[in-house]
Amino acid sequence: MNGRWPTIILLWFIGVLAAAQLGKMAALMPAIRADLGLSLSSAGLMVSLIEAGGASLGAIAGILAARFSGRAVLAAGSILVATAGLAGAAAPDAALLYAARLIESIGYLMVVIAAPSLIAMAAGRASATALALWSTFVPVGIAAGTILSGLAASLIDWRVILVFWALAVLVTLPGTFHLPTMAEHRQTGFAVPPATIWALALGFGFYTTLEVGVLGMLPAYLSEAWGFSIATAGVVTGVTSAATIAGSFAAARLIGAGEGARRPLMLIAIGLALPAGLFFVGFPGNGLATQLSASAVAAAVIAANAISGLVAAVAFARLPALLRRSGAALSLVTASNGVFAQFGAAGSLIGPPLVGYVASHWGWSTVAPVVAALSVLSLAGFALGERLAGKS
């Protein structure tokens, strides 16, 4: 293995553990709802609240983080995630658990801004492949968080599980402190990424809204609509999230090394259109639901996620390419990651409560048309980003 890949994999793993903090809450939410008396919409907000920091401060944080050492930002973010996780485990009521999640969200934001910038620097010319790997940190993290937390929830209290995830993050700190020295591209001023990055991030934001919205509320859906146990619903959600990796690695092989927009846009269109159709099977109307088994519904959602992995991988791989095409400096990579974090976090924050609200008012079958509409908006954002880069 090339000497840079152990560093890249360590950075990816730190991101996975950060994303697991989202998955853990999705799997534990049935138990937390029963313990703290949360409504379905409130539960969705609790799941997605870890994205609040990114949704409100992502772009500004990216611009500020570009002035500091990426390793320092990464280490500080990990410490915040772990500390907040421990505080959440000790929270006596919902209000304090919400507060802990907000603190956790700041740490999560610092991790997702710093890690991909360090990966791009470590990878050099292999940055497209390395960033395609990075694009899997959310699905892998959600998979780990939901599967392990869902299985453990039937054996131990949810608070103990929160402690476990906090300690898991702390274990990575020595590796963070000993990352190799890299020639970081730091900003000396406060530069804003070009319009093409904002448009690309807009498309990514709509994608994360539908993706995290479905994943965040999937355990509740499988339990309430199809009678899955908490443990089984957590495992299915974890497998669904992990399936996204298939699309991500397919994109890494198919996107190519060229700067042209045609192939990336085609991959994104496939990654949005086919899953949108499959979600009409995964969240069927009353007529179709009577003809489907619970296994068929789960299989449709898993297949949809496997294909949708194309989108995230292409989005992360295109970020440095579009910066080059627009004539921007490489030092804007960290700031651009902040913009990406802001739109992705906004989508992740909105997604679960949106799905919970739609389902509670009009039924679970209405989730599919909402996903289809978000898919159209996502494709429009990506297309606009490529067009703006072409005009630079």
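User: In this predicted model, what makes helix α1 and helix α10 a packed pair, and at what angle do they pack?

Analyst: Helix α1 (residues 4–36) and helix α10 (residues 195–226) pack at about 30°, their axes lying 10 Å apart, and the crossing is right-handed. On the α1 side L22, A26 and R33 take part, and they meet V212, L215, G216, P219 and E224 of α10. The residues of this contact divide into 5 nonpolar, 1 polar and 2 charged.

User: How do you know that E224 forms a salt bridge with R33?

Analyst: The closest N and O atoms of E224 and R33 are 3.2 Å apart, and a salt bridge requires a distance within 4 Å, so the pair qualifies. The bridge links distant parts of the chain, with E224 in helix α10 and R33 in helix α1, 191 residues apart.

User: Why is R101 called buried?

Analyst: R101 has 1% relative accessibility, which is under the 20% limit, so R101 counts as buried. R101 forms a salt bridge with E104, with the closest N and O atoms 2.8 Å apart, and both residues lie in helix α5 (residues 94–123).

User: Why is the pair of F204 and F340 called stacked?

Analyst: The ring centres of F204 and F340 are 5.0 Å apart, within the 6.5 Å needed for a pair, and their planes meet at 15°, which is under 30 degrees, so the pair is stacked. Both F204 and F340 are buried, and together with Y207 and F316 they form one aromatic cluster.

Key
Residues numbered from 1 in each chain as written. Predicted model: local features only at pLDDT ≥ 70, side-chain atom pairs only at ≥ 80, totals over all residues. Heavy atoms only, no water. Axes fitted to C-alpha atoms, helices over the stretch in contact; angles between N-to-C directions. Helix = DSSP H or I, 4+ residues; strand = E, 2+ residues; numbered from the N terminus. Left-handed = near helix turned anticlockwise from the far one by under 90°. Contact = heavy atoms within 4.5 Å. Nonpolar A, V, L, I, M, F, W, Y, C, P; charged D, E, K, R; others polar. Phe/Tyr/Trp six-rings, centres within 6.5 Å; stacked < 30°, edge-to-face > 60°. Buried < 20%, exposed > 50% of the residue type's maximum accessible area, 1.4 Å probe, protein only. Salt bridge = Lys/Arg side-chain N within 4 Å of Asp/Glu carboxyl O.
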